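Open the model in your viewer and keep the selection tool ready. Each stop says what to select and what is there.

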Amino acid sequence: INAEYMGIQEMIVSAIRMAEDNYAYWVRKTIKSLGFLIDPGYAPELISYFKAQDLPMPQHIFATHKHSDHCGGLKELYKSTTKVYAGEIDAPSVPFCNSPLKDGQTVLIDELKITAIHAPCHTKGHALYCVEANDKPNEKLASSEIKHDGEALWVDYEAGINRAIFTGDTLFVAGCGRFFEGTAPEMLKIMDNLHKFPDDLYVFPGHEYAFSNVQFAIQVEPTNPATKSLLAAHTADKPQFYIPSTIGAEKKHNIFMRCRTKEIQERLKCEDPVLCMKKLREDKNGGVF
């Protein structure tokens with residue numbers, strides 16, 4: 001990560017739960033700023049949330065991809081002054097998108113630098129958004145309380161986040177998205193790229209799939225201490241917010257990020273990381289293991 005920074009203050013991230021397992025994210029620099037919204041899949045929960053904050057809806061909204069559970073709320077949230085961002089390939093299918101982004105293009109909002117990263121596989125135009133507040137490493141997050149008001153359910157992360165990546169349906173805690181419009185080589189390329197990011201980079205995914213993902217991962221790598229530790233920390237009880245993760249943690253327990261490791265290749269009896277990726281995704285889809 002290399003950027004010119006507008007300040008030294010951390011960012012604030014609020015994770016808003018929608019429709020059981022979807023996440024939208026409100027990101028801003030201070031408690032008084034509006035910042036921007038990521039993946040507004042469902043309007044009622046977001047309207048309820050901002051009403052509880054006694055604040056207007058942010059006028060900058062990003063969609064990681066075109067699926068309605070990540071951008072469908074725009075049909076109710078959009079106003080003539082709203083800037084809607086999406087990767088340029090998916091942009092025509094995102095409601096009211098007026099600011100398509102190229103791979104590597106940056107936007108500066110509320111003294112936060114947002115970089116769009118093209119990640120084609122789940123959809124051809126899927127984008128990841130890397131957000132930087134300053135050039136400092138992240139700090140350890142304090143545990144945060146789950147809050148509830150009307151239809152809104154959320155957690156505020158108010159300290160310790162200097163940089164984060166919002167991964168939509170590409171990278172989950174201990175998992176990855178389905179290859180609806182892509183291939184195993186494309187997902188492997190994305191995972192290789194994510195390996196290059198700092199280990200302390202916080203990961204905010206588009207869904208709360210951690211419990212099912214770790215149940216599958218432990219069957220693939222039953223002796224992996226990182227996976228065993230992750231499983232011990234997770235339950236099926238709802239609601240839970242098992243976010244954020246970090247790139248460093250995902251390198252240790254995310255089997256889809258570990259297709260180049262001898263442990264995964266030996267377990268799958270396959271030395272080709274592309275074929276390992278393909279098999280893992282097919283097995284996860286089919287409930288194998």
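## Stop 1

Select Ala19, which is found in the loop between E1 and E2. Helices (H or I, at least four residues) and strands (E, at least two) are DSSP runs, numbered from the N terminus. Check the backbone of Ala19: phi is positive, about 45°, although Ala19 is not a glycine. Most residues other than glycine have a negative phi, and most peptide bonds are trans.

This is a predicted model: local features need pLDDT of at least 70, side-chain atom pairs count only at pLDDT 80 or more, and totals for chains, interfaces and linings use all residues. Residues are numbered from 1 along each chain as its sequence is written, and side-chain values use heavy atoms, leaving out hydrogens and water.

## Stop 2: the whole chain

Zoom out. The protein chain has 9 helices and 16 strands. Its radius of gyration (taken over C-alpha atoms) is 18 Å, close to the 19 Å that the globule rule gives for 289 residues, so the chain is as compact as a globular protein of that length. That rule is 2.2 Å times the number of residues to the power 0.38. Along its principal axes, the C-alpha trace spans about 55 × 35 × 35 Å.

## Stop 3: the sheet

Which order do the strands of the open sheet follow? The 8 strands run E6-E5-E4-E3-E2-E1-E11-E10, with mixed pairing. Two strands pair if DSSP finds at least two bridges between them. Colour the edges next: strand E6 (99-101) and strand E10 (146-149) each pair on one side only. The twist averages 25° from one strand to the next.

Now select strand E2 (residues 22-28) and strand E3 (residues 36-38). They run antiparallel, joined by 3 bridges. Find Trp26: its bridge partner in E3 is Leu37.

Contact means heavy atoms within 4.5 Å.

## Stop 4: helix pairs

Axes are lines fitted to C-alpha atoms, for helices over the stretch in contact, and angles run from 0 to 180 degrees between N-to-C directions.

Select helix H4 (residues 184-194) with H9. Their axes are 9 Å apart, at an angle of about 105°. The two are therefore roughly perpendicular (65 to 115 degrees; under 35 is roughly parallel, over 145 roughly antiparallel, the rest oblique). Show side chains: Ala184, Pro185, Met187, Leu188 and Met191 in H4 meet Pro273, Val274, Met277 and Lys278 in H9. By class, this contact has 8 nonpolar, no polar and 1 charged residues. Ala, Val, Leu, Ile, Met, Phe, Trp, Tyr, Cys and Pro count as nonpolar, Asp, Glu, Lys and Arg as charged, and the others, Gly among them, as polar.

Ser212, Asn213, Phe216 and Val220 in H5 meet Leu280, Asp283 and Lys284 in H9. That contact has 3 nonpolar, 2 polar and 2 charged residues.

H5 and H6 pack at about 145°, with axes 9 Å apart. Val214, Gln215, Ala217 and Ile218 in H5 meet Thr227, Lys228, Leu230 and Leu231 in H6.

## Stop 5: a cis bond

Finish at Pro244, in the loop between helix H6 (225-232) and strand E16 (245-246). The peptide bond from Ile243 to Pro244 is cis, with omega near -5°.
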